[in-house]
Amino acid sequence: MRNLLLIDNKSCCHRSAIFHRQFFTHSIFQEERIMAMVVCSARKTIGGFTLIELLIVVAIIAILAAIAVPNFLEAQVRSKVSRAKADMRSIATGLESYAVDNNKYPDVPASSVSPPIKLGIPYSRACLIKLSTPISYLSTGLLTDPFAIGSTDTTFFGFANAKEAVPFLPAVGVSATTEQIDQFEQHLWVLQSVGPDRVNFALAGTPTQNFPLAFAALTSRTSLDFFYDPTNGTVSVGDVVRTAKKTD
Ligand SMILES: [Ca+2]
């Protein structure tokens, strides 16, 4: 009985050893299979994308760009319009401070403006520079039009002192009635940004810089296109204008 038990014990141990060996072999086999799958997967990845996959990615990027780029450009233009308006507001405050100190708005004798184009960019620059030198009437110091093209000296906001502009109306071909001239004279000054089309509306079709036309448009409203209006399109004709009227 005891021997039988021993034989049985031996047999049991033998079976167990076989089972462990089989299990161990099976595990190794499984492991190898997994490794093979991983290598195969890695090889597939290294192999890269198919043409269809690449085309889909390119198409998605193109669609996103087509949506994003115009929105980005629109936002840029809108922010520049806001900047032009904010800068003109600051300059307006500076002009009033200058007028309090000097009892007049900045003006420049025609003979001192070179080139001698009255009421053009050289004139605007010569007048506006008085807001920063020798006394600074501006907190920001920004006098240049964000839409103007060129070097700093030629990108000043357009400016006209009404007292100097009005006598030039007949000279620049504005056939103003007495009533209109009275209206022009109610204005103190005009500031002008060329606007998102980057073209000075008053200059269109005329070889000389022509700010009195700004006064003409402001008073007679004969040319509503003179004023930039974003409802015509973010990039549209017209200029961004700010003016001040006499209060008395
Ligand atoms: Ca314009």
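pLDDT is the predictor's confidence in each residue, on a scale from 0 to 100. This structure is a predicted model, in which local features need pLDDT of at least 70 and side-chain atom pairs count only at pLDDT 80 or more, while totals for chains, interfaces and linings use all residues. Residues are numbered from 1 along each chain as its sequence is written. The chain has a mean pLDDT of 75, with 60% of its residues at 70 or more.

**Confidence**

- Helices (DSSP runs of H or I, at least four residues) and strands (DSSP runs of E, at least two residues) are numbered from the N terminus; within the chain, confidence is highest in helix 2, at a mean of 94, and lowest in helix 6 (residues 212-220), at a mean of 55.

**Helix 2 and the residue after it**

- Helix 2 is made of 52 residues and reaches 74 Å from its first C-alpha to its last, which is close to the 76 Å expected at 1.5 Å a residue, the expected span being 1.5 Å times one less than the number of residues.
- A residue is buried if 20 or more other C-beta atoms lie within 10 Å of its own, exposed if 12 or fewer do, and partly exposed in between, with C-beta atoms placed from the backbone; the buried residues of helix 2 are Ala 84, Asp 87, Met 88, Ile 91, Gly 94, Leu 95 and Tyr 98.
- The cover over these buried residues of helix 2 includes helix 3, strand 2 and strand 3.
- Helix 2 is followed by Asn 103, which lies in the loop between helix 2 and helix 3 and has a positive phi near 60° although it is not a glycine.
- Asn 103 is exposed, with 7 other C-beta atoms within 10 Å.

**The nonpolar core**

- A nonpolar core is a set of buried Ala, Val, Leu, Ile, Met, Phe, Trp, Tyr and Cys residues joined through C-beta atoms within 7 Å; the largest one here has 26 residues, and those with the most contacts inside it are Ile 91, Leu 128, Leu 131, Phe 157, Phe 159, Trp 189 and Leu 191.
- Helix 2 (51-102), helix 3 (121-128), strand 1 (158-161), strand 2 (187-193) and strand 3 (240-245) each supply at least two residues of this core, and helix 2 gives the most, with 5 residues.
- Leaving aside neighbours within four places in sequence, Leu 191 is in contact with Met 88, Ile 91, Ala 92, Phe 157, Gly 158, Phe 159 and Arg 242.

**The sheet**

- Two strands pair if DSSP finds at least two bridges between them; the open sheet has 3 strands in the order 1-2-3, with antiparallel pairing.
- Strand 1 and strand 3 are the edge strands, each pairing on one side only.
- Strand 1 and strand 2 run antiparallel and are joined by 4 bridges, with Gly 158 standing opposite Gln 192 in strand 2.
- Strand 2 and strand 3 pair in the antiparallel sense over 6 bridges, and Val 190 stands opposite Thr 243 in strand 3.
- In strand 1, Gly 158 and Ala 160 point one way and Phe 159 and Asn 161 the other way, and all are buried.

**A cis peptide bond**

- Thr 133 and Pro 134 are joined by a cis peptide bond with omega about -5°, and Pro 134 is found in the loop between helix 3 and strand 1.

How values were computed
Contact = placed C-beta atoms within 7 Å.
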